[in-house]
Amino acid sequence: MTAMVAVRRVMCDEVAEPATATWSNCLLLGNEIVLSGMTAHPAARDAALDTYAQTLVVLGKIRDLVEAAGGTLGSIYKLVIYVKDIGDKDEVGRARRTFFQTPYPCSTLVEVSGLVFSELTVEIDAFARLDVDLQQAVV
């Protein structure tokens, strides 16, 4: 019989999780930090944010959840970025450089026809582990 991995729901004040939510923003499964796709909602609803500003909000949420789980920005090893306009890729990259340094997390960037709310232009899935620190990587 395989031993069960310890699971902990991770929450933080900086990233609201509505009481009516049918998802968890962040789970810690052993050393793996599992995040739901993050968007700039509700900030993008409260103000007209361009893709650069939305990406900063999203990466801030990801950082806050990873840190609440016990990790750091260096724990994030992969990003999957969904944008409504592939022409915004440079703005996404500029925001990423604000948060990360070399070696950067692996990344996939894809254009999608829509996101959950019409004002959103970017959504990001992040993959992280407590036993990873890209800042300690040999390059």
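Trainee: Which residue just after α2 takes a positive phi?
Mentor: Gly70 does, with a phi of about 105 degrees. Bear in mind that this is a predicted model, where local features need pLDDT of at least 70, side-chain atom pairs count only at pLDDT 80 or more, and totals for chains, interfaces and linings use all residues. Residues are numbered from 1 along each chain as its sequence is written, and side-chain values use heavy atoms, leaving out hydrogens and water.

Trainee: How many residues does α2 have, and how far does it reach?
Mentor: Helix α2 covers residues 51–68, which is 18 residues, and spans 25 Å from its first C-alpha to its last. That is close to the 26 Å expected at 1.5 Å a residue (1.5 Å times one less than the number of residues).

Trainee: And which residues of α2 are buried?
Mentor: Among them are Tyr52, Val58, Leu59, Ile62 and Leu65; buried means under 20% relative accessible area with a 1.4 Å probe, counting protein chains only.

Trainee: What do those buried residues pack against?
Mentor: The buried residues of α2 pack against several elements, including β4 (76–83), α3 (89–99) and β6 (122–129), with contact meaning heavy atoms within 4.5 Å.

Trainee: Switching topic, how many helices and strands are there?
Mentor: Three helices and six strands, taken as DSSP runs: H or I of at least four residues for helices, E of at least two for strands, numbered from the N terminus. The order from the N terminus is β-β-β-α-α-β-α-β-β.

Trainee: What share of the protein is buried?
Mentor: Buried residues make up 39% of the 139.

Notes
Buried < 20%, exposed > 50% of the residue type's maximum accessible area, 1.4 Å probe, protein only.
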